[in-house]
Amino acid sequence: MTTIFFCAGNAQKKMAVSEMKMVAVPAGNYQPFFITPNNKPIPVPAFKMGETAVTNAEFLEFVKANPEWRRSKVNRLFADTNYLRHWKSDLSIGEANKKIYNSPVVNVSWFAAEAYCKWKNKKLPTIAQWELAAKAAPKNFKYKSLTDFILDWYTKPNPKVLPNVKSTYQNEYGLYDMNGLIWEWTFNFNSFIGSRDSRGNDEDELKNFCAGGALNVADKSDYAAFLRFSYRGSLKGNFCIANLGFRCVKN
Amino acid sequence: MIQVSKKGPLLKSGILPLLLMLSFTFFMFSCKTNSGNNADESKIDTILTGTVTAELTTAPNVPKPLTYTSPKRVMVQLETIEKVMPISDSSEYTFWTFGGHVPGNFIRVRQGDLVDFTLKNAPESKMSHSIDLHAVIGPGGGADATSTAPGQSTHFQFRALHPGLYVYHCATGPVPLHIANGMYGLILVEPQGGLPKVDREYYLMQGDFYTKGKYNAPGLQDFDETKALAENPDYVLFNGKVRSTTGPNALTAKVGETVRLFVGNGGPNLISSFHPIGQIFTKVYMEGGTEINRDVQTTLIPAGGAAIVEMKMQVPEVINLVDHSIFRAFNKGAIAQIKVAGAENPSIYEKLKK
């Protein structure tokens, strides 16, 4: 219902935001980062992934069409007080923020990201999908290695103004900015060792104690992956963070 | 292991509980016979008598000795901050810190205190962070309770059971990177009755750093994973910067005074051979614990460990405090200084003419 209303009522505004290009990611096997007896390589069927992260301008369309996701109306269970705090108001990113219209939307919760993808008949990528897509070799890359590039990004403070999408590198699948711009939500961000139970089991120790966990990871020297998994492990679904955004997939 | 695999039948027959009881009794017994006065929890006063907020200081300063004599609930809040700061005169580095400095804020509590601990992660942070305080008995030394995303905070409490000087550090994976970027500090648990009074107390913490560029290479330097894995640092520093504690920034003291240093070693890799050039440690609380060694020239401070050392200032001089793995002092920055002012004492030291 909301979708129909949106299409009819905001056709003109929608023109300004072109439809996200979806890029094909071929089928592959994902080797889980944390190795346990139950964590076998996961076969991932081919899927399509958003060429870039969802931008502020795109997310604004979503918020316009879905009043329950406006900053002043959102349920605190689904988004904490930082939700869209960088916007001027409910329905305006703000003239002063012009530079970030085309930058990834951040300060969005998992619930908000998932709702956005659903609205587009898409989903958030699973960890397996995201990691597989991000593994593709970069095109025209000036860094020694991808890990090197990621570590360099990780060890620099957040920039004052978040750059636009497509401002880092494109990988061989055609995906932009898989690293180097923002962190991205994944569908199963807090269950990365296969268990849905996030507390009180033996496997859980691996994610909380990464020192101990170091004995059980796929590649101990992959510090970039370590950082990603630690970051995901500290999240809750309603957290809204200044360097955390998302992109959608279509299976 | 055998007990576990035969759990069913053993439990049924009641043998396992018996075994457990026996081993527990033995454990209690062995504890009692081996423990020193300070480690025996049954002798610690644990009834809380109010709430205080811990004084937190930045190195080289140390919070004032505690004046209360019965256990308190002690409120402590640390904030993790990622920050570009100079590591030498020409180089900058993106430090990850507890409180915006390397080392992190010094925390001082008393044995028996219940520490109410909040970890905040600054909203501007790129990383998640956590804390493992070696003074904590409990899962991960607090790390289990404090995995903290940017802009969020976490909260736990612990009882300070054992007196001593303890390292704290970030325990978020990859732990070595968080430590290599400067995420460590010290927490002192004063014994009941406090430490003996001295004239001055200071805070020093050693750490090794690994950068893409060489020592003092100009500009913002990135972390070098290859050098870190090879344990081959470009910098070995006291208090996070070349010359942080020398020349105009040297520690000061006067002839006749006793100086106590709380010295930690954050690592991540190197062990410190901590030595005062032109002085002798009159007392060393070895490894930051309760055993005291006297008349020591050089004391080992392990990575992730600490020591409390004391010296009596006898003559005017500049005491160079070094890691006596001496290339580190000459070439990598591992020097701090105490400037001692006062009258000469020829009966102790005199430079003679030919």
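Which residues of α5(A) are buried? Select them in your viewer: I127(A), A128(A), Q129(A), W130(A), E131(A), L132(A), A133(A) and A134(A). Buried means under 20% relative accessible area, exposed means over 50%, and partly exposed lies in between (1.4 Å probe, protein chains only).

**Before you go on**

This is a predicted model, in which local features need pLDDT of at least 70 and side-chain atom pairs count only at pLDDT 80 or more, while totals for chains, interfaces and linings use all residues. Residues are numbered from 1 along each chain as its sequence is written, chains are lettered from A and ligands numbered from 1 in the order in which they are written, and side-chain values use heavy atoms, with hydrogens and water left out.

**Stop 1: helix α5 of chain A**

Show residues 127-135 of chain A. This is helix α5, and 8 of its 9 residues are buried. Helices (H or I, at least four residues) and strands (E, at least two) are DSSP runs, numbered from the N terminus.

**Stop 2: helix α6 of chain A**

Move to residues 146-154 of chain A, helix α6. The rest of the structure largely encloses α6(A), because 8 of its 9 residues are buried. Pick out L146(A), D148(A), F149(A), I150(A), L151(A), D152(A), W153(A) and Y154(A) to see the buried ones.

Now look at what covers them. From chain A, the cover includes α5, β5 (183-184) and α9. From chain B, it includes β3 (91-98), α4 (175-180) and α5 (225-229).

**Stop 3**

Axes are lines fitted to C-alpha atoms, for helices over the stretch in contact, and angles run from 0 to 180 degrees between N-to-C directions. The two helices are therefore oblique to each other. Angles under 35 degrees count as roughly parallel, over 145 as roughly antiparallel, 65 to 115 as roughly perpendicular and the rest as oblique.

Select T147(A), I150(A), L151(A) and Y154(A) on α6(A), then Y223(A), A224(A), L227(A) and R228(A) on α9(A). These residues make the contact, meaning heavy atoms within 4.5 Å. By class there are 6 nonpolar, 1 polar and 1 charged residues. Ala, Val, Leu, Ile, Met, Phe, Trp, Tyr, Cys and Pro count as nonpolar, Asp, Glu, Lys and Arg as charged, and the others, Gly among them, as polar.

**Stop 4: α3 against α4**

Stay in chain A and show α3, residues 56-65, with α4(A). Their axes come within 11 Å and cross at roughly 85°, so α3(A) and α4(A) are roughly perpendicular to each other. On α3(A), select E58(A), F59(A), E61(A), F62(A) and A65(A). They meet A112(A), A115(A), Y116(A) and W119(A) of α4(A). This contact divides into 7 nonpolar, no polar and 2 charged residues.

**Stop 5: a salt bridge in chain A**

Select E19(A) and K120(A), which form a salt bridge with the closest N and O atoms 3.5 Å apart. A salt bridge is a side-chain nitrogen of Lys or Arg within 4 Å of a carboxyl oxygen of Asp or Glu. The two residues are 101 residues apart in the chain. E19(A) sits in the loop between α2 (11-16) and β1 (22-25), K120(A) in the loop between α4 (110-119) and α5. E19(A) is partly exposed, at 48% relative accessible area.

**Stop 6: where the chains meet**

Show both chains. Here 33 residues of chain B are in contact with 30 residues of chain A. Together the chains bury about 2600 Å², 57% of it on carbon and sulfur atoms. Buried area is the accessible area (1.4 Å probe) that two parts lose on being put together, summed over both. Select K126(B), Q152(B) and E225(B): they supply 25% of the area that chain B buries against chain A, more than any other three residues.

How many salt bridges cross this interface? The rule finds 2. View K212(B) with D148(A), where the closest N and O atoms are 3.7 Å apart.

**Stop 7: chain B**

Chain B has 6 helices and 21 strands. Of its 354 residues, 52% count as buried.

Select R243(B) and D89(B), a salt bridge at 2.6 Å between the closest N and O atoms. R243(B) is partly exposed at 43%, whereas D89(B) is exposed at 55%. Next, show K227(B) and D234(B), whose salt bridge spans 3.0 Å, N to O. D234(B) counts as buried, at 11% relative accessibility.

Finish with R108(B), E190(B), E201(B), R260(B), K283(B) and E310(B), linked in a network of salt bridges.
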